[in-house]
Amino acid sequence: MSSVNYGSKRIVTGAGYGFRDWLAQRVTAVLMALFTVVLLAQVIFTSGPIGYEEWAGIFASQWMKVLTFTVIIALLYHVWVGMRDIWMDYIKPLALRLALHVFTLVWLVGCAGWAVQALWRL
């Protein structure tokens with residue numbers, strides 16, 4: 001009798017976070033699209049020409065600052081997943097790939113800090 005066991009156990013190779021990152025890309029993209037709709041609605045329903053005062057008024061309320069920062073964090077995570085995949089797929093020397101990962105993380109954390117400063121004027 002043959003002991004061939006078809007399909008009972010699948011051996012998965014790789015890092016194992018493909019579905020999580022695929023889903024994160026979609027969720028963050030939907031969040032960014034919804035934010036764009038909210039922002040466009042704010043702009044469309046603003047009467048008259050839009051200058052600095054009108055833009056500052058849109059982002060003056062605390063809920064809009066929190067929503068904007070949430071979307072910025074989603075954008076940064078979206079960028080991280082994409083750039084990490086690019087570095088992993090196309091940069092073969094390990095030291096260079098690690099350096100690019102670290103540079104990307106430092107850059108994205110810096111962008112988050114800049115966003116806090118821009119939104120809340122710290």
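Let's start with a term: a residue is called buried under 20% relative accessible area, exposed over 50%, and partly exposed in between, using a 1.4 Å probe and protein chains only. This is a predicted model, in which local features need pLDDT of at least 70, side-chain atom pairs count only at pLDDT 80 or more, and totals for chains, interfaces and linings use all residues. Residues are numbered from 1 along each chain as its sequence is written, and side-chain values use heavy atoms, leaving out hydrogens and water.

**Overall layout**
- The chain has 4 helices and 0 strands; helices (H or I, at least four residues) and strands (E, at least two) are DSSP runs, numbered from the N terminus.
- Along the sequence, the pattern reads α-α-α-α.
- Of the 122 residues in the chain, 22% are buried.
- Contact means heavy atoms within 4.5 Å, and among contacts between residues at least 6 apart in sequence, 66% join residues at least 24 apart.

**Helix H3**
- Helix H3 covers residues 62-90, and its 29 residues should span 42 Å at 1.5 Å a residue, which agrees with the 42 Å between its end C-alpha atoms; the expected span is 1.5 Å times one less than the number of residues.
- Its buried residues include Met 64, Val 71, Trp 80 and Trp 87.
- The cover over the buried residues of H3 includes helix H1 (18-44), helix H2 (52-58) and helix H4 (94-120).

**The largest nonpolar core**
- A nonpolar core is a set of buried Ala, Val, Leu, Ile, Met, Phe, Trp, Tyr and Cys residues joined through side-chain atoms within 4.5 Å.
- The largest one has 6 residues: Met 32, Phe 35, Leu 39, Ile 58, Met 64 and Val 71.
- H1 and H3 each give two or more residues to this core, with the largest share, 3 residues, coming from H1.
- Leaving aside residues up to four places away in sequence, Leu 39 touches Trp 55, Ile 58, Phe 59 and Met 64.

**Aromatic pairs**
- Rings of Phe, Tyr and Trp (its six-membered ring) pair if their centres lie within 6.5 Å; planes under 30 degrees apart count as stacked, over 60 as edge-to-face and the rest as tilted.
- The whole structure holds 4 aromatic pairs.
- One of them, Phe 69 with Trp 120, is edge-to-face, at 5.9 Å centre to centre and 70° between the planes.
- Phe 69 lies in helix H3 and Trp 120 in helix H4, so this pair ties together parts 51 residues apart in sequence.
- Phe 69 is partly exposed at 22% relative accessibility, and Trp 120 is partly exposed at 27%.
- Phe 103 and Trp 107 form a stacked pair, 6.4 Å centre to centre with 25° between the planes.
- Both Phe 103 and Trp 107 sit in helix H4, 4 residues apart, about one turn of the helix, and both are exposed.
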